[in-house]
Amino acid sequence: MTAYFPAVRLRRATFVGALCAGLAVVATGCGADPDEGTNGVGKLSAEQIETKAKAAATEARSVHLSGALVSGGKSFTLDMRLGADGGSGEVKAQDDTTFQLLRVGEQLYLKAGAKFWGQSEAAGKLGDKFVKVPEADPSYKQFRGFTDMHVLLDGLLGLDGKLAKGGYSKVGHTRAVQVTAEEGAGGKLSVSLEGTPYPLLMERAGGAGRVVLEDWGKPVELNPPAQDQTVDYGSQLPTTKGQGTGQGQGQGTGSGSTQPAPKGSGQGTAPKG
């Protein structure tokens with residue numbers, strides 16, 4: 001006797017097979033091992049995963065960090081490439097004021113349009129130039145924080161409250177496991193399941209920002225700006241004559257007796273955890 005299989009049964013079998021193949025991609029169901037081909041951190045507890053992620057970040061030589069942060073009631077959008085000896089990138093404040101930062105070793109430069117420096121005759125001369133930030137200037141430490149890999153990571157990678165391990169997902173093209181604190185209210189951290197367990201995505205507690213971390217360990221090229229693109233005001237950044245604090249204080253190579261201050265001078269404060 002010839003066996004007879006209804007077409008509907010064949011279609012059903014084909015559908016189930018395709019479904020299992022698809023589910024295997026995300027490592028669930030149909031007998032697939034969810035940790036096959038991973039670095040194994042998904043088998044650990046939430047606390048252990050967080051510890052390994054922080055250790056990996058501490059030992060890393062570089063990272064590309066981008067996203068939005070809220071600190072001290074102020075919003076920032078960052079796009080920074082950070083290495084062991086400095087960093088470069090762009091910071092945008094909540095009032096759409098944008099500035100670029102470049103640090104090579106301890107030499108720190110700030111570049112922004114004329115609007116950033118306020119309304120003055122010298123603002124046009126500073127616009128789109130790399131202004132050297134003197135180490136003695138009070139704003140040096142604040143601006144430097146945006147270019148310091150470990151300062152930023154220490155402030156970012158903090159979960160607040162009881163930890164729990166979430167499911168597997170992807171951040172970009174990389175498989176990841178999520179750790180949450182207080183069911184997400186205390187923050188969420190996605191950690192790579194491939195290779196070194198680097199942090200890939202940090203969602204801060206209380207809606208205080210969402211930051212993507214990628215290109216871990218890739219070289220970051222940092223070179224001082226050309227001399228003709230650099231303005232050096234000596235021991236202090238230029239200040240506005242209207243503030244009554246900057247007359248005659250800028251003794252460097254920046255020309256012009258009117259010395260403007262950055263618009264909203266508190267905008268250089270690096271985000272804190």
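Aspartate 215 is partly exposed in this predicted model, its relative accessible area being 26%, and the residue is placed in the loop between β11 (209-214) and β12 (230-232). Its phi is near 55 degrees, which is a positive value in a residue other than glycine.

**Aspartates with positive phi**

- Aspartate 215 counts as partly exposed because its relative accessible area of 26% falls between the cut-offs of 20% for buried and 50% for exposed.
- Aspartate 96, found in the loop that runs between β3 (86-93) and β4 (98-104), also has a positive phi for a residue other than glycine, with a value near 70 degrees.
- Aspartate 96 is exposed, since its relative accessible area is 52% and the term applies over 50%.

**Helix α2**

- Helix α2 covers residues 46-59, and at 1.5 Å a residue its 14 residues should span 20 Å, which agrees with the 20 Å that separates its end C-alpha atoms.
- The buried residues of α2 are Ala46, Ile49, Glu50, Ala53, Ala56 and Ala57; seen down the helix axis, the buried residues fall within an arc of 130 degrees, and therefore they line one face of the helix.
- Thr51, Thr58 and Glu59 are exposed on the other side of α2.
- The cover over the buried residues of α2 includes one helix, α5 (149-156), together with the strands β7 (163-171), β8 (174-181), β9 (188-192) and β10 (199-203).

**Nonpolar core**

- The largest nonpolar core contains 49 residues, and within it the residues with the most contacts are Leu65, Phe99, Leu110 and Trp216.
- Helix α2 supplies the largest share of this core, namely five residues.
- Leucine 110, leaving aside residues up to four places away in sequence, touches Phe99, Gln100, Leu101, Phe116, Trp117, Lys129, Phe130, Val131, Val133 and Phe143.

**Confidence of the prediction**

- The mean pLDDT of the protein is 80, and a value of 70 or more is reached by 74% of its residues.
- Over residues 19-28 the pLDDT stays under 50, and for this stretch the model has six contacts beyond four places in sequence.
- Residues 240-269 likewise have a pLDDT below 50, although the model gives this stretch 73 contacts beyond near neighbours in sequence.

How values were computed. Residues numbered from 1 in each chain as written. Predicted model: local features only at pLDDT ≥ 70, side-chain atom pairs only at ≥ 80, totals over all residues. Heavy atoms only, no water. Helix = DSSP H or I, 4+ residues; strand = E, 2+ residues; numbered from the N terminus. Buried < 20%, exposed > 50% of the residue type's maximum accessible area, 1.4 Å probe, protein only. Expected span 1.5 Å × (residues − 1). Arc of directions from axis to C-beta. Contact = heavy atoms within 4.5 Å. pLDDT = per-residue confidence, 0-100. Core = buried A, V, L, I, M, F, W, Y, C linked by side-chain atoms within 4.5 Å.
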